[in-house]
Amino acid sequence: MSNELDSLYQEIILDHYKNPHHQGLREPYEAEVHHVNPTCGDEVTLRVHLADAGDGVTRVGDVSYDAIGCSISQAATSVMADLVIGKPVDEALAVQDTFLTLMQGKGSVEPDEDVLEDGIAFAGVAKFPARVKCALLPWMAWKDATLSVVEPVETEEKS
Amino acid sequence: MSLPGLLPDLEVLRKDFPILSRTLAGGQPLIYLDSANTSQKPQVVIDTMVDHLERHNANISRAMHQLGAESTAAFEEARDKIAAFVHAPSRDEVIFTKNASEALNLVANTLAWAGPHRVGEGDEVLITEMEHHSNIVPWQLLTERTGATLRWFGLTDDGRLDLSNIDDLITERTKVVSLTWVSNMLGTINPVEEIARRAHEVGAIVVVDASQAVPQLPVDVAELAGSGVDFVAFTGHKCVGPTGIGVLWGRAEVLDALPPFLGGGEMIETVTMERSTYAGIPHKFEAGTPPIVEAVGLGAAVEYLGHIGMDRIHAHEQAITAYALEGLQTVPGLTVLGPLDAADRGGAISFEIDGVHPHDVATVLDTRGIAVRAGHHCAKPAHARFGVQSSTRMSSYLYTAPAEVDALVEGLHYTRDYFKVG
């Protein structure tokens, strides 16, 4: 039973849980969202700052957050912030998609460490259906916040 | 192990519940401590439902054939059994719903629509901070729609209703008082009759959410009615019955005065293109084909509980709860939310463990075959009152053995070790 638990609670996850990266709400930001997991009550308030360093590429300048919840959702938020900050938005969205696929794979998807880095530690979560939503909470919040900034711009360009 | 109050022959009784002998992944026995969420079902309930489907299935009250008569008789016998179980003065006061939520929504909706008890602008509806969401949201909807005001009984630090301002809360403006009998989160048993008497003095309708009470306590709605209670709502699946069936008991006089809830088949007297007239109670509130086999199953369930005896079930719950409260105190950093005296509470015990989130507690316990609930238990305001976002909850029932509590306590010690707490 301990092996099964260890596959869920990887050291990386417990480390991020105890010492979360990029925690706290910061300025500046273009979007702030509040996401809740209605079945368990986990909550995250998350801000996204997008920036163009002058090279014409919109990057994730900062992700800041205030989150309460279990080890999985807290660690997922920390790992996600590490992963997306500094990446071009398109690339970060692709990482989100890769992580989503991993979580929805019921344990059958082989995680790609080059893309997901510390995020591969969550591969074991996919085998615990009740916990998948915990891991996805921050990713969904981040995507929601990011698209709310990116998409209106695209709409304006089209019109 | 034997504790005073424990049901005798518990090992024999446990065999009535086939699921308790199944094993989980890794061959571990199931330790089911989530009965406040839903109870397990005895063989007699399962068999009664299968027999109905195999031999008597037909629609009720409409089919003019032998099976229709048998099915109708089984359905109405279930109503009789439930009426007897809760000591209803009349079988017509027992309305079948799909669950307790629907029963509470029936009352909260029809009170807004018409009749002498109609709730309108300036009126007040009074609930408590320890309600399940199903006894909060319908009243929020009612007051939002009618312009009435929703007011709340607060809670004391030890998880009881704060009645110190009852005179400010129950006034001439109070039209409805709705409260839970036994809290699904704190376990608190509330003084429903005392509150009902006060509410009755000002002419308010009193609604009792008995979802956690009916499984555990002897219930006498005639006695409750004597104290001013007008409605009692509960669900079948928490008292060893199936899901999909709930009950609203209401005083005939009040039920008669309310307008119909859902319109459809079975609830009418006659229908013309101009207007319809309605059936009397209980059928007035039972539109459409009801959950027939579920009602039949619930009839068997309350008969089963009646055979064991609700007094004895209550004593068993208290014995297990006291034993659990004692065992939980041995876990360092564990705080129980709610009263610490088993005599004042039901068999649901919510707790926190410093440094370990409830989801993580539940996951670790699950790998040891122990089923508990983690989260807000559909009681977010009550959690907010105690400054916690969520909790872990163990809940016992008539089939719970002391050894299962031991396994839980051992599992919690293991959980703390696993997360290197303390």
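A residue is buried if 20 or more other C-beta atoms, placed from the backbone, lie within 10 Å of its own, exposed if 12 or fewer, and partly exposed in between. By that rule, 53% of the 422 residues of chain B count as buried. This is a predicted model: local features need pLDDT of at least 70, side-chain atom pairs count only at pLDDT 80 or more, and totals for chains, interfaces and linings use all residues. Residues are numbered from 1 along each chain as its sequence is written, and chains are lettered from A and ligands numbered from 1 in the order in which they are written.

**View 1. The open sheet of chain B.** Its 4 strands run in the order β13-β14-β17-β16, with antiparallel pairing. Strands are DSSP runs (E, at least two residues) and helices likewise (H or I, at least four), numbered from the N terminus; two strands pair if DSSP finds at least two bridges between them. β13 (334-337) and β16 (373-375) of chain B stand at the edges with a single partner strand each, so one side of each lacks a neighbour in the sheet. Neighbouring strands are turned by 30° against each other on average, direction ignored.

**View 2. The β14-β17 pairing in chain B.** Strands β14 (residues 348-353) and β17 (residues 391-395) are antiparallel and joined by 4 bridges. B:Ser350 has B:Arg393 of β17(B) as its bridge partner.

**View 3. Helix α12 on the sheet.** Helix α12 (residues 358-366) of chain B touches β14, β16 and β17 of chain B. Contact means C-beta atoms, placed from the backbone, within 7 Å. The direction of α12 makes about 160° with that of β16(B); axes are lines fitted to C-alpha atoms, for helices over the stretch in contact, and angles run from 0 to 180 degrees between N-to-C directions.

How values were computed
Contact = placed C-beta atoms within 7 Å.
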